[in-house]
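Good morning, and thank you for coming. Please look at the model while I speak.

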Amino acid sequence: MYQYIIKRLLLVIPTLFGAAVLVFLLLRLIPGDICDMRLAGEGGLVDEETLNTCRAIMGIDKSLWLQFVDFIWGFIRFDLGISMWTGQPISYEIGLRFHLSLQVAIMATLSAIVISIPLGTISAIKQNTWIDYFVRAFSIAGIAIPSFWLGIIIILGLLITTQYFSGTPWMPPIQFKPIWEDPMHNLSQLLWPAIATGYRYSAVATRMTRSTLLEVLREDYVRTARAKGLLEKVIINRHALKNAMLPVVTVIGIEFAFLMGGLVVTEQVFNLNGLGKLFVEAVDHHDFTLTQALVMVVVTIFVFTNLIVDIFYAWLDPRIRYS
Amino acid sequence: MDAVSQTIPGKEIEEPAASKPWLVSLFDLIRQQPLGAAGAFIVIIMVFLAVFANLVAPFDPIVNDYGSMHIPPDGTHWLGTDQFGRDVLSRLIYGARTALVVGFVSAFIGATAGLVLGVSSAYFGGLFDLIFQRVMDVFMAFPLIILALAVVSIFGTGVENLIIAITIPFIPRCARVVRSSALSIREIPYVDAARALGFNHRRIILRHMVPNVMAPYLIMITAFVGQAILLEASLTFLGLGVQEPTPAWGLMLQGGAEEYAESAPWMAIFPGLAISLAVFGFNLFGDALRDVLDPKLRSQ
């Protein structure tokens, strides 16, 4: 087991390094830099000297190799550096938004687990009946409906229903407050984006539960359990579901990691100040240090979520460890 | 029922399925895969609308008509008009063209590149496979939105660049699935036989291995079309994809639909329904295809 963990840990390094190279090169391929952005914003032509001073301050006058080494060295020391655009430490900028993104991701994950496992199980047990068709249609619809559009429709629904019942339209609050400061305020803001993203999420997990459970139910040991005369309930809960959960855990892990950095559109619809919005701003401003740091944070979350899922998987299923 | 087959004696014993009239087999298929048939129906309708958009659409999708802005759905404008007085239904019909072009092109290129790379990786194995897999890991972990933002910042906005941004993340996803199928094929004797005959690598990969991983490839393509339509809508909504005045569903949701959601809800509701229905159709179809092609999941 330890050998397996060490092997998987070592594989994390090339992925992180590759992502670092990729984001570094992509940013340098974009025409223009932060100094052009800033100084051109003041209007008129800027003389070369001012631009050069600005570039020297930002550290982008150095050779690409030096810039890259600086970036990697900072990342290794867990020092994300200072945002080129705001001048604040990047850890501070990310910290401001991290809480919000994490909470939405956790709420969506919880609702997905609660909805998807029972629904997927029923669908698999009643395969090719109308219940199964209904659940499948419901879950395929969840994958088909764009989360951002669902968000627009939720806001529209809230406006119309509150207008109808109380006379004044109500919108979710825009200012973020942590849940321990003002739980009502916090939930009334974040519940809606969690629903909009959670539906898709639970749809993905429901489909996975159904298809793996169907596979497991055809295994020999389930037939043995049936032949022993065990109750169907016991067979499903104790024998089949346990083994069917492995791929579902993977899907939940991947989706969770995706939610941490991929909520850009939903955040825009709900006017949330999360990591996704910071991403777009950072690229728009040609803020190299902030974009690089954000990509590394999101990729690290993704890689380590996968690592944890894999280790969990190997722990549950010894065949994986030895192959 | 079997009037056709009885006229050819002996034929029905050899090929009982083929001797059925095609309409009957079609009904059989619909009964076995009702959801898949529904998906295929949606896809066919959508392709039809996209191809014949200029004949089907009641109005011009691009010309502004300031005399008829924000008209609610009525007899002339079935789904209402937008903030520039353009007919929502006509823009939806033309939008199907954009969605299908982006969907099919990126799904096809992404899955095909993934197919060739995945099979090659499994075939060569060793160091090549190891390095290739690490590169795929990087692209899987890399946030799509940054890739899209970078592509747009480097090359500019537009349909072609949108297709590039959508295709890139598809390649590793398909390559990974294809690679695992190809790994088991590599061990089968006919590949050894081909090698013993002295065929070159290209021929073994393309002629001997690729045809045997067609099932996962086709399943990935149909799944990708739906995902590509969804991504196209999201990226366009963010302003990173198709630009005005080209009719595109994501653009219709962005173009004032949010601002006017309360006063003109038809502008926000119908494009979203169109996206959902299209992706729904492709997913249903893809699911049915998987059930038919993948014997492991085939119902008893």
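This is a predicted model: local features need pLDDT of at least 70, side-chain atom pairs count only at pLDDT 80 or more; totals for chains, interfaces and linings use all residues.

Arg207(A) and Asp287(B) form a salt bridge, and their closest N and O atoms are 2.9 Å apart. Arg207(A) belongs to helix H8 of chain A, residues 183-217, while Asp287(B) belongs to helix H14 of chain B, residues 266-293, so this pair joins two chains.

Are the two partners buried or exposed? Arg207(A) is partly exposed, with a relative accessible area of 24%. Asp287(B) counts as buried, because its relative accessibility is 9% and the limit for burial is under 20%.

For those new to the subject, side chains of opposite charge can pair when their charged atoms come close. Over all chains, the structure holds 12 salt bridges.

In chain A, the side chains of Arg223(A) and Asp220(A) meet in a salt bridge, at 3.7 Å from N to O. Where do Arg223(A) and Asp220(A) lie? Both are in helix H9 of chain A, residues 220-227, and they are 3 residues apart, about one turn of the helix. Arg223(A) counts as exposed, at 55% relative accessibility, and Asp220(A) is exposed as well, with a relative accessible area of 52%.

In chain B, Asp192(B) and Arg195(B) also meet in a salt bridge, at 3.7 Å from N to O. Asp192(B) is partly exposed, with a relative accessible area of 42%, and Arg195(B) is partly exposed at 38%. Salt bridges may also share partners: in this way Asp132(A), Arg136(A) and Arg210(A) are joined into one network.

I now turn to the aromatic rings. A pair of such rings is described by the distance of the centres and the angle of the planes. Over all chains there are 14 aromatic pairs in the structure. One of them is formed by Phe48(B) and Phe52(B): the centres are 5.1 Å apart, the planes make an angle of 50 degrees, and the pair is tilted. Phe48(B) is partly exposed, with a relative accessible area of 46%, and Phe52(B) is partly exposed at 36%.

Phe128(B) and Phe132(B) form a stacked pair, with 6.2 Å from centre to centre and 10 degrees between the planes. Why are these two residues separated by about one helical turn? The reason is that Phe128(B) and Phe132(B) are 4 residues apart in helix H7 of chain B, which covers residues 126-141. Phe128(B) is partly exposed, with a relative accessible area of 40%, whereas Phe132(B) counts as buried at 9% relative accessibility.

In chain A, one aromatic cluster is formed by Phe17(A), Phe24(A), Phe68(A) and Phe71(A). A charged residue also meets this group: Arg28(A) lies over the face of Phe24(A), at 3.9 Å from the ring centre.

Thank you for your attention.

How values were computed: Residues are numbered from 1 along each chain as its sequence is written. Chains are lettered from A and ligands numbered from 1 in the order in which they are written. Side-chain values use heavy atoms; hydrogens and water are left out. Rings of Phe, Tyr and Trp (its six-membered ring) pair if their centres lie within 6.5 Å; planes under 30 degrees apart count as stacked, over 60 as edge-to-face and the rest as tilted. Buried means under 20% relative accessible area, exposed over 50%, partly exposed in between (1.4 Å probe, protein chains only). A charge sits over a ring if NZ of Lys or CZ of Arg is within 6 Å of the ring centre and within 35 degrees of the ring normal. A salt bridge is a side-chain nitrogen of Lys or Arg within 4 Å of a carboxyl oxygen of Asp or Glu.
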